[in-house]
Amino acid sequence: MTLRDIGDREGIRGWSGRAGATLTELRLESQFRCNGSDGYLSWVNHALQVRETANVDLGGIDYDFQVFDSPNALRQRIIELNRESNKARLVAGYCWDWKGRNDPDVRDVVIPEHDFAMRWNLSTDGPLWIVGEESVAEVGCIHTCQGLELDYVGVVIGEDLVVRDGKVKTDAARRSPQDHSVRGYKKMLREDPDTAMALADRIIKNTYRTLMTRGQKGCYVFCVDPETNDHFRPFLGQPYGRNLPAAPLLEAAEPDPPRHDD
């Protein structure tokens, strides 16, 4: 989904009416994703405030959801899980520029306060990044992880989505200008601010909804913003990831020069 997309319900209804076509609308009530847990999918909508649902917590839901206080601990856990079947990956909101486009030594996704630095996915595996044997050493984004499921996904939520006083707030200005999904936002914001903010809010929330539902068995989250990280804790019943014992960072193989698919 981008700011330039067309094809929402109202548009389709209008076009079909003008064409004199009979339109039948159906609702997808269930889909086998995230361990077949419709409850988890509904909870994600609730937690991200995409829409209100009856699933206001994770009680009784057969799905492994955890919150980490450190992106390094999250990365380490994903590398550990990936050794089982090559089906665990780290992904993030597109809040960091692809500075290493022509320099494979540059780390794009940098969180200085945690001494964390990784690079966006490389061109080595192209659209098959999500199944590439060495791609656990890279961070994927919304444009490179759709279409296939993982066993476990680690999601870094950037500053484009934060929680303040229990309210999920989005800011497209925190997205990298290289992200095509919000290209043209500043111009639209000047011309029609209400529409621009509403569309951007939908895009950003849907981005994280997609990222948080890539794992069949589990989703692990780290939010760059501490208050946002705390937003997810009550859903678990108890904190996770605080005061983790120090452990050496597990290393993953480093492939060749990068290309981050837009």
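Biologist: How many residues does helix α5 have, and what span is expected for α5 at 1.5 Å a residue?

Modeller: Helix α5 (residues 193-211) has 19 residues, and the distance from its first C-alpha to its last is 27 Å, close to the 27 Å expected. The expected span is 1.5 Å times one less than the number of residues. Helices (H or I, at least four residues) and strands (E, at least two) are DSSP runs, numbered from the N terminus.

Biologist: Before we go on, what kind of model is this?

Modeller: This is a predicted model, in which local features need pLDDT of at least 70 and side-chain atom pairs count only at pLDDT 80 or more, while totals for chains, interfaces and linings use all residues. Residues are numbered from 1 along each chain as its sequence is written, and side-chain values use heavy atoms, with hydrogens and water left out.

Biologist: What is the average pLDDT of the protein?

Modeller: The average is 82, and 82% of the residues score at least 70. pLDDT is the predictor's confidence in each residue, from 0 to 100. Over residues 238-259 pLDDT stays under 50.

Biologist: Why does Gly60 count as exposed?

Modeller: Gly60 has 86% relative accessibility, so Gly60 counts as exposed. The cut-offs are under 20% relative accessible area for buried, over 50% for exposed, and partly exposed in between (1.4 Å probe, protein chains only). Gly60 lies in the loop between α2 (38-47) and β1 (64-67).

Biologist: Why is Asp225 called buried?

Modeller: Asp225 has a relative accessible area of 11%, so Asp225 is buried. Asp225 sits in the loop between β9 (215-223) and α6 (226-232). Leaving out residues up to four places away in sequence, Asp225 touches Val162, Val163 and Arg164; contact means heavy atoms within 4.5 Å.

Biologist: What makes Glu80 and Arg77 a salt bridge?

Modeller: Their closest N and O atoms are 3.2 Å apart. A salt bridge is a side-chain nitrogen of Lys or Arg within 4 Å of a carboxyl oxygen of Asp or Glu. Both residues lie in helix α3 (residues 71-85), three residues apart, about one turn of the helix.

Biologist: What is the N to O distance in the salt bridge of Lys217 and Asp151?

Modeller: The distance is 4.0 Å. This pair links distant parts of the chain, with Lys217 in strand β9 and Asp151 in strand β6, 66 residues apart. Lys217 counts as partly exposed because its relative accessibility is 42%, whereas Asp151, at 14%, counts as buried.
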